[in-house]
Amino acid sequence: MIEKALKYIKSLKIKDYELFFMDNNSLSILISKNKVDFVSQGKISGLGVRVFINGKLGFSSTTDNYKRCIDTAIKVAKLSEKDNKFKSFLREKGKSNLKAYSKKLLNLEIDEAKDYVKNYISLVKDTNPKVNISEGSYNKGVSNISIINSEGLNISILKASNSSSVEMIVNNDINVAVGRHEINPLDYNLGKDDIKRLLNLRNRQHIETKDMELILHPEALADIMNNTFEFAIDGENVNMKKSILHNKLGSVVFDKKINIIDDGITTGLINTTPYDNEGKVTKKNVLVKNGILKSFLYDSYNAYYIKKKSTGNCSRGFTTTPSIAPNNIVINKGSSKDIIKEVKEGIYVRSLIGTHTMDSTTGDFSLGVMEGHYIKKGEIKNAVKDCMIAGNFFKLMKDIKAMENKIEHSEGYYMPKILFNKIKVIGK
Amino acid sequence: MEKFISYGEKKGCSYTELKSYKSIRNTIEVVDKNVKELSSSEASLYSARVILNGSEGLSYSNKDNFKELIDNAVKLAKIQDKKIKFNPLKKINVKIKTKYKINIVDINLEDKKKNILNLFNEKKNYKKISSLKFIYRDSKTKFDFLNSENRKISWDDSAVRYVAYSYAKEGSRIESFIDTRSGHKGYELFKNESDKMIKYVLSMGEEMLKSKNAKAGNYPVMVNHHLGGVFAHEAVGHACEADAVLQGSSVIKRLGNRVGSENITIIDDKTIEGNNGWVPYDDEGVKGERTILIQNGFLKGYLHNRETASEMNMNPTGNGRSMDLSQRAIPRMSTTFVDNGDSNYNEILHSIKDGYYLLGTLGGQVNPTTGEFLFNAQHGYKIINGELKYLVKNVGLTGNILKTLNEINLIGKDLKFNGGTCGKAGQWVPVSDGAPTFKIDNARVGGSE
């Protein structure tokens, strides 16, 4: 479709344009009560067109008719207002050879995906017959993106990833939710760890309301950062002065132990990609070095407006216009071998309830603990029941006691477990 | 689509379901009078769902090649282990049209844009507001449904949704406020309510600069229709979804059990026309009904799709919903609300010596298995001796479903609805919730003060 669209838009003598074509193939296998419950597969493809005419931007997308789509984008641009912030579509001469997929996953057939699911279910049942998988899913997606713009850009990106999510249950009242998302075929043997996690949640106890130390597992911390840090380092929010960090470049914002990189290029990381979704060659962006804020993330629109370069962080699909998103967020590891041993009295939080409800602007949160453990004198005593933690993300990150020496992955965040000096725990 | 139903039968399918979806949607996003996006887009999607020898498959594509879709769905059905059986439904032929006062296609995009820009004139009256963002979306959608039981449904839908964000700044402090409107309606939803909403978002943004953090602890809490609606939805609605009940992963178990105080009644009503959670027919072609979940403290009903209804030998309730044609229809809510009681705002307020009045919502989440829930109020007030004292912000509230349902005794009679979106199993669907003002006798409140 994109070649025909290009021919048509050139025939209309439109000077500034961008064509974004995306083709998605998805497979989904759902599990319910230890069985393969539902299988679906499909293909969605479409075109998104942006044009810039007389200082005005227009956008339209379609799954059917590229001519109507281009005509609509032009019509819409004429109806719009002058956009003084827009300088040009992405100017990028660079090319990248990076691969954003593993061949093994790309070629993984339905039958192999089904074997993964069945093996996982058997492993769970064989390891402990009392444990049941109440629900779960396996998803594989392959997408092919092509982008052409009037600044001479013409690239394509092939991506493949797979993910699984499982909820396991024991005694009908204790559950654990597990999620994995990788670019390599998933390993069902990890199911053993999932069962161990679930069984450790038996004997959940109430705890007292008080201030104590806090360990956040990467899963919980990624969930919090996704709703606060990502808002604060978003170049648009910085330009609009909506980010709490907007005037903090070069200042100490976090504990000096903290280094944070936005990494778009390291092979094997989930969001590694040769180009971002407007065609910028990706790179490593140092965001925080020794606690000092070094950079924000930009797409071309928000970067060009303040005379900077895009950092390679444009995110979009064919039905939407660009927005800013990190590639992979990587935080350095620390030196602690077993971070739990360093806690006098504290709570180890693996997962939280309601992180999407927190205040992105200020970083304030009060959240329910889904999976948490009470620690006394360096040892886990018991899992916790009905409790919440309250604090502020930006204050928390200034007061770090230790970081573990192992990096773990959760949804595009690669980081160690981190021990914070103080959190308010609300229990009994 | 008719001829392809017989193609499904020829392939040996005991059930074939074909759907088509075509939509045109407009988006206008304005940030501080700068039009960031003006767009008009169209999309189509087609799907085939079959049952073959008791196993199911779903296939979808942008291309309306139903033969290919059925062939692929048949292939997928062969992978599944489970046997599924539906209780049969009668043949029907219905056409639904969403009602509106002003057709969204009668107002051109340029006028829609101008009307939004006019709203921004109000901003100059609020000196501490540093940024105002407004996103408007409307859509016209045509759904067609046909299955091998000869159920034929078409729905000409019209929907409008808009959201405003204000950011207020004073010194190094930044606060924000958000409000939204949505519904299966026409342009009147914008015309009648956007003006009032903008003023509210601007003034509350400034107010938030004066707010304090709440003090954590266990308190009596009075909630308004927003937060009360989230309670009905998060704490009760999700636990009544029959798939969770069947998987053994809901704290709500047997019908007829006493689960809450005698004053509480909670309903999931699919028939409220125009509400964001209106479901005239669900995504499996089942008519949407009014389902009582809890009546005077007793568990009365579950929310079903066709499969869970058949498995429990009950009637489907019209709650089989999917995000789009590429997804499976699973039990989802529609308009879920706490029904009116016989108390009122003043009586409830005066009954609280030391507590909070919580309003607005930033959303919520529940773990149906343990019954633990969390929701966050956008703002609220500290109550001392029956009086509102000062503004608090971002107050989290947690509790356990079965405990909290027994701690709701004073319920007002000022029921109101709100539109929103609900996420489950990676699928987002439009819903509404609602409640009158009511009191939770003892709730865990989070705050960093």
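**Close-up 1. Two chains joined strand to strand.** Two strands count as paired if DSSP finds at least two bridges between them. Look for Ser40(A) here: its bridge partner in β3(B) is Leu58(B). Like everything shown in these views, this pairing belongs to a predicted model.

**Close-up 2. Where chain B touches chain A.** Chain A puts 64 residues into this contact, and chain B puts in 62. On the chain B side, strand β2 (residues 34–52) gives the largest share, ten residues. Sorted by class, that side of chain B has 34 polar residues, 16 nonpolar ones and twelve charged ones.

**Close-up 3. The two domains of chain A, face to face.** Domain 1 covers 2–197 of chain A, and domain 2 covers 203–428. Their C-alpha centres sit 24 Å apart. Across the boundary, 23 residues of domain 2 of chain A are in contact with 31 residues of domain 1 of chain A. The elements giving two or more residues to the domain 1 side are β1 (16–32), β2 (35–53), β3 (56–62), β4 (132–149), β5 (154–170) and β6 (174–182) of chain A.

**Close-up 4. Inside the largest nonpolar core.** This core has 237 residues. Those with the most contacts inside it are Val349(A), Val50(B), Val221(B), Tyr356(B) and Leu358(B). β1(A) supplies the largest share of the core, nine residues. Now zoom in on Val349(A): leaving aside neighbours within four places in sequence, its contacts are Leu214(A), Ile215(A), Leu216(A), His217(A), Ala220(A), Val369(A), Gly372(A) and Ile389(A).

Close-up 5. Six strands of chain B line up in the order β12-β11-β10-β15-β22-β21, with mixed pairing. The edges belong to β12 (298–299) and β21 (416–424) of chain B; each has a single partner strand, so one side of each has no neighbour in the sheet. Further in, strand β15 (residues 335–338) of chain B pairs with strand β22 (residues 427–435) of chain B in the parallel sense, over three bridges. There, Thr336(B) stands opposite Asp433(B) in β22(B). Helix α5 (residues 225–237) of chain B lies across β10 (266–269), β11 (290–295), β15, β21 and β22 of chain B, and runs at about 125° to β22(B).

Terms used
Residues are numbered from 1 along each chain as its sequence is written. Chains are lettered from A and ligands numbered from 1 in the order in which they are written. This is a predicted model: local features need pLDDT of at least 70, side-chain atom pairs count only at pLDDT 80 or more; totals for chains, interfaces and linings use all residues. Domain bounds come from an automatic or database domain assignment. Two residues are in contact if their C-beta atoms, placed from the backbone, lie within 7 Å. Helices (H or I, at least four residues) and strands (E, at least two) are DSSP runs, numbered from the N terminus. A nonpolar core is a set of buried Ala, Val, Leu, Ile, Met, Phe, Trp, Tyr and Cys residues joined through C-beta atoms within 7 Å. A residue is buried if 20 or more other C-beta atoms lie within 10 Å of its own, exposed if 12 or fewer, and partly exposed in between; C-beta atoms are placed from the backbone. Axes are lines fitted to C-alpha atoms, for helices over the stretch in contact, and angles run from 0 to 180 degrees between N-to-C directions. Ala, Val, Leu, Ile, Met, Phe, Trp, Tyr, Cys and Pro count as nonpolar, Asp, Glu, Lys and Arg as charged, and the others, Gly among them, as polar.
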